Amino acid sequence: MMLAVRHPDAVGRLMVVDAMPFFSVLINPMATEMLMRPQAEAAAGRMMMQSPEEFAAAQAQAQANLVTRVEDQARATTWAVTSDRQVMARAMAEVMTTDLRADIARIRVPVTVEAAYDPATMAFPRAAVEATWRFNYGALAGATVQIVDPARHYVMLDQPAVFAASVRGFLAN
């Protein structure tokens, strides 16, 4: 989204996979970049201070919330644990403090948003989740929001055939 906002001539179309223009609204619907900065810095600091064992356990717990199948949770945990932890912590803090909701109004290319919904773990009905996605992408005229159900954050792991068909359709247009 940042690339499409900052370099509009470099992007012909955009596919966003389970990402809000401001992640922190999922933590606090009233979030602002300034309000989230101390939380983001604290979360990044905690991540960096964990022992390797604590970090691995925290990542395993996180992946259980992000992926449906146990074998895919293990694979995603391996990816996280073998990643550069400093880069991961910095990226998490940046995602928590970057609000693109107003900026996306400047995107002039077709945008497809794939959003995950897992009725087994979400406390809200699908219609409410879809409304939240549409609201947060409200500044982006013409965005297509597609809910993938059932899926958690790693849509491509939870619904590989659905995701592959969506990507093929996106690339064909």
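Why does Arg69 count as partly exposed? Arg69 counts as partly exposed because its relative accessibility is 32%. Buried means under 20% relative accessible area, exposed means over 50%, and partly exposed lies in between, with a 1.4 Å probe and protein chains only. The model is predicted, so local features need pLDDT of at least 70 and side-chain atom pairs count only at pLDDT 80 or more, while totals for chains, interfaces and linings use all residues. Residues are numbered from 1 along each chain as its sequence is written, and side-chain values use heavy atoms, without hydrogens or water.

The structure holds eight salt bridges. A salt bridge is a side-chain nitrogen of Lys or Arg within 4 Å of a carboxyl oxygen of Asp or Glu. Side chains of opposite charge can pair when their charged atoms come close. A network of salt bridges links Arg69, Glu71, Asp72 and Arg75. Asp103 and Arg106 form another salt bridge, with the closest N and O atoms 3.5 Å apart. Asp103 is partly exposed because its relative accessibility is 26%. Arg106 is partly exposed too, at 46%.

A salt bridge also joins the side chains of Asp118 and Arg152, at 2.7 Å from N to O. This pair links distant parts of the chain, 34 residues apart. Asp118 lies in the loop between strand S2 (111–116) and H6, and Arg152 in the loop between S3 and H7. Helices (H or I, at least four residues) and strands (E, at least two) are DSSP runs, numbered from the N terminus. Asp118 counts as buried because its relative accessibility is 4%. Arg152 is buried as well, with a relative accessible area of 15%.

Helix H2 spans residues 33–49 and has 17 residues. Its first and last C-alpha atoms are 24 Å apart, close to the 24 Å expected at 1.5 Å a residue. The expected span is 1.5 Å times one less than the number of residues. Met36, Ala40, Ala43, Ala44 and Met47 of H2 are buried. Their cover includes helix H3 (52–66) and helix H5 (85–96).

The loop between S1 and H2 holds Ser24. Ser24 counts as buried because its relative accessibility is 0%. Beyond its neighbours within four places in sequence, Ser24 is in contact (heavy atoms within 4.5 Å) with Ala31, Met36 and Met96. A polar atom of the Ser24 side chain lies 2.7 Å from the backbone oxygen of Met96. Ile27 is found in the loop between strand S1 (14–17) and H2. Ile27 is partly exposed because its relative accessibility is 45%.

Two backbone features follow. Most residues other than glycine have a negative phi, and most peptide bonds are trans. Asp18, in the loop between S1 and H2, has a positive phi near 45 degrees. Asp18 counts as buried because its relative accessibility is 13%. A cis peptide bond joins Asp149 and Pro150, with omega about -5 degrees. Pro150 sits in the loop between strand S3 (144–148) and helix H7 (155–158).

Asp149 is also one of the residues that Arg126 touches. Tyr117 and Ile147 are the others, not counting residues up to four places away in sequence. Arg126 belongs to helix H6 (residues 126–136). Arg126 is partly exposed because its relative accessibility is 33%.

Technical notes. Polar contact = N/O pair within 3.5 Å; in protein donor to acceptor, adjacent residues only side chain to side chain.
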